[in-house]
Amino acid sequence: MSNETFDRVSGILKHIMEDNSVPRNIRRAAEESKEILNNPDEDSTVRASTVISILDEISNDPNIPIHARTLVWEILSELESIRE
């Protein structure tokens with residue numbers, strides 16, 4: 001279950017990273033989040049919690065475009081299901 005979720009979330013993060021209309025700091029946070037998700041050495045709940053923390057912070061950034069914010073919210077809801 002969590003591997004499928006991480007794969008879906010990684011795909012969405014990749015989409016954000018490749019979108020040039022998204023500010024660089026947000027693309028960087030997406031890249032960092034993707035690396036954390038793909039780290040098999042950590043427990044899945046720890047990875048999910050860490051990424052939730054990073055993405056929650058950038059979702060409140062006033063410079064994030066609406067379409068990217070919606071994608072971040074989608075990721076957050078997916079990862080919340082793993083954390084619980």
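Residues are numbered from 1 along each chain as its sequence is written, and side-chain values use heavy atoms, with hydrogens and water left out. Because the model is predicted, local features need pLDDT of at least 70 and side-chain atom pairs count only at pLDDT 80 or more, whereas totals for chains, interfaces and linings use all residues.

Helix H1 covers residues 2-18; helices here are DSSP runs of H or I with at least four residues, numbered from the N terminus. H1 has 17 residues and reaches 24 Å from its first C-alpha to its last, close to the 24 Å expected at 1.5 Å a residue, where the expected span is 1.5 Å times one less than the number of residues. The buried residues of H1 are Thr5, Phe6, Val9, Ser10, Ile12, Leu13 and Ile16 (buried means under 20% relative accessible area, exposed over 50%, and partly exposed in between, with a 1.4 Å probe and protein chains only). Threonine 5 has a relative accessible area of 0% and is therefore buried. Leaving aside residues up to four places away in sequence, Threonine 5 touches Glu78 and Ile82, contact being defined as heavy atoms within 4.5 Å. Glutamate 18 also belongs to H1, but its relative accessibility is 53%, so it counts as exposed. Between the C-alpha atoms of glutamate 18 and valine 72 the distance is 14 Å, at a sequence separation of 54 residues.

Helix H2 spans residues 24-37; its 14 residues reach 20 Å from first C-alpha to last, close to the expected 20 Å. Buried in H2 are Ile26, Arg27, Ala29, Ala30, Ser33 and Leu37. Seen down the axis of H2, these buried residues fall within an arc of 160°, so they line one face of the helix; the arc is that of the directions from the helix axis to the C-beta atoms. The face of H2 turned away from this buried side carries the exposed residues Arg24 and Glu35.

The packing of H1 against H2 comes next. Their axes come within 9 Å and cross at roughly 155°; axes are lines fitted to C-alpha atoms, for helices over the stretch in contact, and angles run from 0 to 180 degrees between N-to-C directions. H1 passes H2 in a left-handed crossing, one in which the near helix is turned anticlockwise from the far one by less than a right angle. Among the residues that meet are Phe6, Val9 and Leu13 in H1 and Ile26, Ala30 and Leu37 in H2.

Helix H3, residues 44-59, packs against H1 at an angle of about 25°, with the axes 12 Å apart. H1 is thus roughly parallel to H3. Ser2, Phe6 and Leu13 of H1 make the contact with Ser44, Arg47, Ala48 and Leu55 of H3. The crossing of H1 and H3 is left-handed.

H2 and H3 pack at about 175°, their axes 9 Å apart. This makes H2 roughly antiparallel to H3. The contact includes Ile26, Ala29, Ser33 and Leu37 of H2 and Val51, Ile54, Leu55 and Ile58 of H3.

Helix H4, residues 66-83, contains glutamate 80. At 25% relative accessibility, glutamate 80 counts as partly exposed. Its C-alpha atom is separated by 7.6 Å from that of alanine 48, 32 residues apart along the chain.

Notes. Helix = DSSP H or I, 4+ residues; strand = E, 2+ residues; numbered from the N terminus. Parallel < 35°, antiparallel > 145°, perpendicular 65-115°, else oblique.
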